[in-house]
Amino acid sequence: MNPLLEVKDISLSYHSLSGETNALSHISFCVFPGEFVAIVGPSGCGKSTLLNLICGLLRPDKGEILLNHTSVFHNTTRVGYMLQRDQLLEWRSIYRNVLLGLEIQHQVTPEKLTYVRHLLKAYGLERFQDSHPSQLSGGMRQRAALIRTLALEPELLLLDEPFSALDYQTRLKVADDIGKILKKESRTAILVTHDVSEAVSMADRILVLTKRPATIQKNIPIDLELPGRTPLSSRDAPKFKYYFNLIWKELNKNDTDISGTKEISPLSAP
Ligand code: ADP
Ligand code: MG
């Protein structure tokens with residue numbers, strides 16, 4: 001199978017008055033159609049920078065990023081981006097918020113409107129389409145933001161810590177909702193998170209990044225041996241704990257090297 005996304009040996013530094021920040025160094029990986037890849041790494045290691053490069057907002061100093069064999073700079077409308085805050089506009093109804101991306105890209109066609117109505121209905125927002133964002137729960141708002149992104153039918157969806165503004169209970173539920181929606185709509189997605197259990201519950205594969213400048217430390221395919229898995233059911237899979245510990249250890253490797261002390265996983269036996 002041909003990869004949808006090819007990230008080829010990219011490096012990037014930020015330059016400011018206070019000096020140079022080397023954010024990413026020689027990062028290479030591929031994402032295949034239909035895959036859900038999670039990227040985990042320490043805070044400030046360069047995860048958001050990587051997504052900004054993939055959607056064409058930033059240019060790498062070195063290397064190239066291809067979407068369907070073409071540079072992402074010629075393909076920016078094929079990438080959807082969902083952020084931590086839902087960025088819904090309070091003065092617009094949910095329906096008009098969901099149409100916003102299509103309006104900006106001059107893509108409001110009868111076919112697209114039919115697809116938007118299908119998404120609103122299928123994912124429980126039909127009754128709320130005339131409401132305003134403040135009248136919706138955090139989870140529903142996040143679902144509306146996802147529908148706004150899906151309406152553009154992006155080939156690749158980037159999710160940057162999309163659940164971190166939600167409380168724990170809501171977060172589990174919304175991650176489950178969004179994971180199911182993305183599977184049902186057969187979307188290819190990259191999720192950035194610092195929450196290891198969220199990554200294991202949602203992803204087909206996890207990339208672990210090192211501390212800044214980020215490099216790829218490990219590429220771990222996740223096989224929970226659970227047919228038809230959903231993010232919530234994945235958490236009960238017998239192999240969930242195994243993957244959690246594996247990734248936890250990878251993330252703590254650098255700290256162990258520095259301090260010489262052994263990190264203990266919160267899921268390891270006492
Ligand atoms: P993460 O998302 O993993 O927390 P970021 O990609 O946001 O990390 O940032 C990586 C590093 O680059 C951090 O040290 C951050 O301070 C720095 N950085 C991010 N954006 C800029 C910028 N526009 N100018 C200078 N430094 C930046
Ligand atoms: Mg970030």
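Which residues in helix 1 are buried? I looked this up in a predicted model, in which local features need pLDDT of at least 70, side-chain atom pairs count only at pLDDT 80 or more, and totals for chains, interfaces and linings use all residues. Residues are numbered from 1 along each chain as its sequence is written, chains are lettered from A and ligands numbered from 1 in the order in which they are written, and side-chain values use heavy atoms, with hydrogens and water left out.

**Entry 1: helix 1**

I found Lys47, Thr49, Leu50, Leu51, Asn52, Leu53 and Ile54 buried in helix 1. Buried means under 20% relative accessible area, exposed over 50%, and partly exposed in between, with a 1.4 Å probe and protein chains only. Helices (H or I, at least four residues) and strands (E, at least two) are DSSP runs, numbered from the N terminus. Helix 1 covers residues 47-54, and seven of its eight residues are buried, so this helix is largely enclosed by the rest of the structure. Just after helix 1, I noted a positive phi of about 85 degrees at Gly56.

**Entry 2: ligand 1**

An oxygen atom of ligand 1 lies 2.9 Å from an N or O atom in the side chain of Ser48. For the side chain of Arg212, the distance from an N or O atom to an oxygen atom of ligand 1 is 3.2 Å. A polar backbone atom of Cys45 is 3.2 Å from an oxygen atom of the ligand.

**Entry 3: aromatic rings**

I searched the whole structure and recorded two aromatic pairs. Rings of Phe, Tyr and Trp (its six-membered ring) pair if their centres lie within 6.5 Å; planes under 30 degrees apart count as stacked, over 60 as edge-to-face and the rest as tilted. Tyr242 and Tyr243 have ring centres 5.0 Å apart and planes at 70 degrees, so their pair is edge-to-face. Phe244 and Trp248 have ring centres 5.8 Å apart and planes at 15 degrees, so their pair is stacked. Both Phe244 and Trp248 lie in helix 9 (residues 240-259), four residues apart, about one turn of the helix. Phe244 counts as buried at 9% relative accessibility, whereas Trp248 counts as partly exposed at 25%.

**Entry 4: backbone details**

I noted that the peptide bond from Arg212 to Pro213 is cis, with omega near -10 degrees. Pro213 has its place in the loop between strand 9 (205-209) and strand 10. Ile216 is found in strand 10, residues 216-221. The C-alpha atoms of Ile216 and Ser28 are separated by 7.6 Å, although these residues are 188 residues apart along the chain.

Where does Asp9 lie? I located Asp9 in strand 1 (residues 5-16). Asp9 has a positive phi of about 50 degrees although it is not a glycine.

Notes: A polar contact is a pair of N or O atoms within 3.5 Å; within protein, one must be able to donate a hydrogen and the other to accept it, and residues adjacent in sequence count only if both atoms are side-chain atoms.
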